[in-house]
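Subject: Structure for your review

Dear colleague,

Please find the structure below. A summary of the findings follows it.

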Amino acid sequence: MHKNIEPLVNDGFDGQHAKRILSYIQSQREKGKNAVGIYCGYAPIEIIQAMNAVPTVLCAFADKTIAAAEAVLPANLCPLIKSSYGFIITDNCPFYALSEAVVAETTCDGKKKMFELISHIKPMFVMDLPQLPDEREAKDNWMTMIRKLQTFLENTFNKKIHDEDVEAAIKDSNKRNDMMNRIFDFAKLQPPVINWSEMYDITWLAQPANFSDIAPLLEETIQKLEKRAADEVVFGNADSPRVLVTGCPVGGDANKVFRIIEELGGNVVVIDSCTGMKPFMEKIAEDTDDPYAAIAERYLKLPCSCMTPNTHRLQELDKIIERFKPDAIIEVVLHACHSYNVETHKIREHAKNTHGLPYLKIETDYSEGDIEQIRTRVEALFDSL
Ligand code: SF4
Ligand code: SF4
């Protein structure tokens, strides 16, 4: 946060989202709500919320648990998987401790096999994610898995999930997404009046919370951003490079990439990943005959690299480039994430040929060893603009 800009929310909002989420989930548990751990953007949180339970994100982004994980997992595995697993086996994850069941998906091979290693600890439901999203059967198959998730949750918690509660959760998600997109719109301004850490924090806070709990914070945030815009309180200046960051989920120790961009005078105006804007971009159809089908349709549109072909990602990229007008694209690929890494070729070509935008791929992990090398490469990118 720039020293002379008042934070959007005062009580430790700046980079402290984990503490706030933890105390939120603890308060929900104290009210008698169940907590269900999730690992992926494909987890249909509306089903969990319809049971009046709270979803709890279990993906981890810290280097400190990786050494412990490597006692079991191969070193040449994505740091997100190793970090998440390391937190569990060292009994260091308060979010996992609060979770009473876990929802997992068959996305990438590493995650899928890691889930097997923790499947005995807490009740777990693995959803078989169709990976050819354009096939006719895909939606029906995914809907079947969402129905099976409903049964798993009902049996595990001895509660019934009613269709009208699923419909209400859909409407709440849509209202939340509307408000989130109003917040993201402040990054469209040139220069923007919101920076990467604020967008990052608010996306983390908004994802698991019930709409009625998060709506006041979102409203307050919008009002503060409107005031910043009116007072012309901005980040950087008209010449600051506007950067779209895409690729693997980035968080915690991998936030070094965002920090370097900012330190070199750039403004991150889009975070196009599951730890950024991606979960908030699409709406779920309301008042349909079958809310489960509506949820299946929306989630299958998530453009993750585990899908093939992942054409939806290029279409989404076109929309966000048009909306946020970046000057450059930086793609973050976590070590050993083969699907995002292979897809970088298409993204680079698309950036260059369709949008005339320079593109930089950064392959990294959660360690600090490559900070200077990343700085040099981002600096060279900015010099070329
Ligand atoms: S990048 Fe893909 S596998 Fe990872 S959380 Fe997002 S949707 Fe799930
Ligand atoms: S970043 Fe890639 S390898 Fe890691 S969990 Fe996500 S999809 Fe799997």
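Which pocket is the space taken by ligand 1? The space taken by ligand 1 is the second largest pocket. A pocket is, on a 1 Å grid over the protein atoms alone, an open set of points where a 1.4 Å probe fits, with protein on both sides within 12 Å along at least five of seven lines; a molecule sits in a pocket if more than half of its atoms lie within 2 Å of its grid points.

This is a predicted model, in which local features need pLDDT of at least 70, side-chain atom pairs count only at pLDDT 80 or more, and totals for chains, interfaces and linings use all residues. Residues are numbered from 1 along each chain as its sequence is written, and side-chain values use heavy atoms, without hydrogens and water.

Around ligand 1, with a heavy atom within 4 Å of it, are C40, G41, Y42, T107, K111, P249, C274, C304 and Y340. Domain 1 (17-161) and domain 2 (164-383) both contribute to this shell, so ligand 1 lies between them; the domain bounds come from an automatic or database assignment.

The space taken by ligand 2 is likewise described as the second largest pocket. Its surroundings are C78, I81, C108, K111, C248, L334 and C337. Both domains give residues to the shell around ligand 2, so ligand 2 also lies between them.

As for the chain as a whole, its C-alpha trace spans about 60 × 45 × 40 Å along the principal axes. Of its 385 residues, 57% are buried, meaning under 20% relative accessible area with a 1.4 Å probe, protein chains only.

Yours sincerely

Definitions and conventions: Chains lettered and ligands numbered in written order. 1 Å grid on protein atoms, 1.4 Å probe; cavity = no way out; pocket = protein on both sides within 12 Å on 5 of 7 lines; lining within 4 Å. Buried < 20%, exposed > 50% of the residue type's maximum accessible area, 1.4 Å probe, protein only.
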